[in-house]
Amino acid sequence: MIRAVFLGVCAVVLAGPANAQAVKLSGAEIRALLTGNTALGRWEGTPYRQYFGPDGVTIFAAEGTRPTRGEWRVDDAAEEYQSIWPRDTEWEGWFVMEFGDTYYWVSKATPPTPFQVLEGEQLVAE
C-alpha cells in the first residue's frame, strides 16, 4: 500500500515538469504583451527596464546609465519583436517565448534572457 502511494506521488511530481512547454508568442501576442507596458529584467547582468510605447517608441533604461530612445515594431510574418537604436543600421529581431510565468527574449546571438512585464510605463522603480 505504501509503495503504491509512493509510486503515485512520484508519477504526479514527475509528470508536472514533463508537461511544461516553452511557447513562442505570435506577432499579435507580442504586440498585446508589450504595447504600453514595461519589461523588467537583467541584460548581461545589469538590471534594466524597457518601455514600449504604442507609437513605436521604446526607451531602454539600464541601471547606472542614461536611458536610450529607440524604435520598436512587431514583424507578424517572422513572429518576432524588432528594435532599432541610435547608430544601428538594421532592425534586430527577437522571438518572445513564455515558459511558466516568465517571458524570454530569444535570438541566435544570445542565450534566452528572462524578463517580466509590468503594466504601463514604469521606467522608474517605485
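## Overview

The protein exposes about 8400 Å², of which carbon and sulfur atoms supply 56%; the areas come from the Shrake-Rupley method with a 1.4 Å probe, and for residues only the protein chains shown count as cover. This is a predicted model, in which local features need pLDDT of at least 70 and side-chain atom pairs count only at pLDDT 80 or more, while totals for chains, interfaces and linings use all residues. Residues are numbered from 1 along each chain as its sequence is written, and side-chain values use heavy atoms, with hydrogens and water left out.

The protein contains two helices and nine strands, arranged along the sequence as α-β-α-β-β-β-β-β-β-β-β. Helices (H or I, at least four residues) and strands (E, at least two) are DSSP runs numbered from the N terminus. Of the 126 residues, 31% count as buried, that is, under 20% relative accessible area, with exposed meaning over 50% and partly exposed lying in between (1.4 Å probe, protein chains only).

## The nonpolar core

The largest nonpolar core has 16 residues, and those with the most contacts inside it are L34, Y81, V96, W105 and F115. Such a core is a set of buried Ala, Val, Leu, Ile, Met, Phe, Trp, Tyr and Cys residues joined through side-chain atoms within 4.5 Å. The elements giving two or more residues to this core are α2, β3, β5, β7 (92–99) and β8 (102–106); α2 gives the most, with three residues.

Apart from its neighbours within four places in sequence, L34 is in contact (heavy atoms within 4.5 Å) with F52, W72, Y81, W105 and F115.

Strand β6 is mostly covered, with five of its five residues buried. E80, Q82 and I84 point one way from the strand, whereas Y81 and S83 point the other way. In a regular strand the side chains alternate between the two faces of the sheet.

Strands pair if DSSP finds at least two bridges between them. β5 and β6 run antiparallel and are joined by five bridges, with V74 opposite Y81. β6 and β7 also run antiparallel, joined by three bridges, and here Y81 stands opposite W94. The hairpin of β5 and β6 has four residues between the strands, and E79 takes a positive phi near 55° there.

## Salt bridges

The count comes to two salt bridges, each defined as a side-chain nitrogen of Lys or Arg within 4 Å of a carboxyl oxygen of Asp or Glu. One joins the side chains of E79 and K24 (3.2 Å, N to O). This pair links distant parts of the chain, since E79 is in the loop between β5 (68–75) and β6 (80–84) and K24 is in strand β1 (residues 23–24), 55 residues apart. E79 is partly exposed at 31% relative accessibility, and K24 is partly exposed at 34%.

The other joins the side chains of D76 and R31 (3.0 Å, N to O). D76 lies in the loop between β5 and β6 and R31 in helix α2 (residues 27–34), so the pair ties together parts 45 residues apart in sequence. D76 is partly exposed, with a relative accessible area of 44%, and R31 is partly exposed at 31%.

## The buried arginine R49

R49 lies in strand β3 (residues 46–52) and is buried, with a relative accessible area of 15%. A polar atom of the R49 side chain lies 2.7 Å from the backbone oxygen of Q122. Leaving aside neighbours within four places in sequence, the contacts of R49 include T38, I59, F60, L118 and Q122.

Definitions and conventions
Polar contact = N/O pair within 3.5 Å; in protein donor to acceptor, adjacent residues only side chain to side chain.
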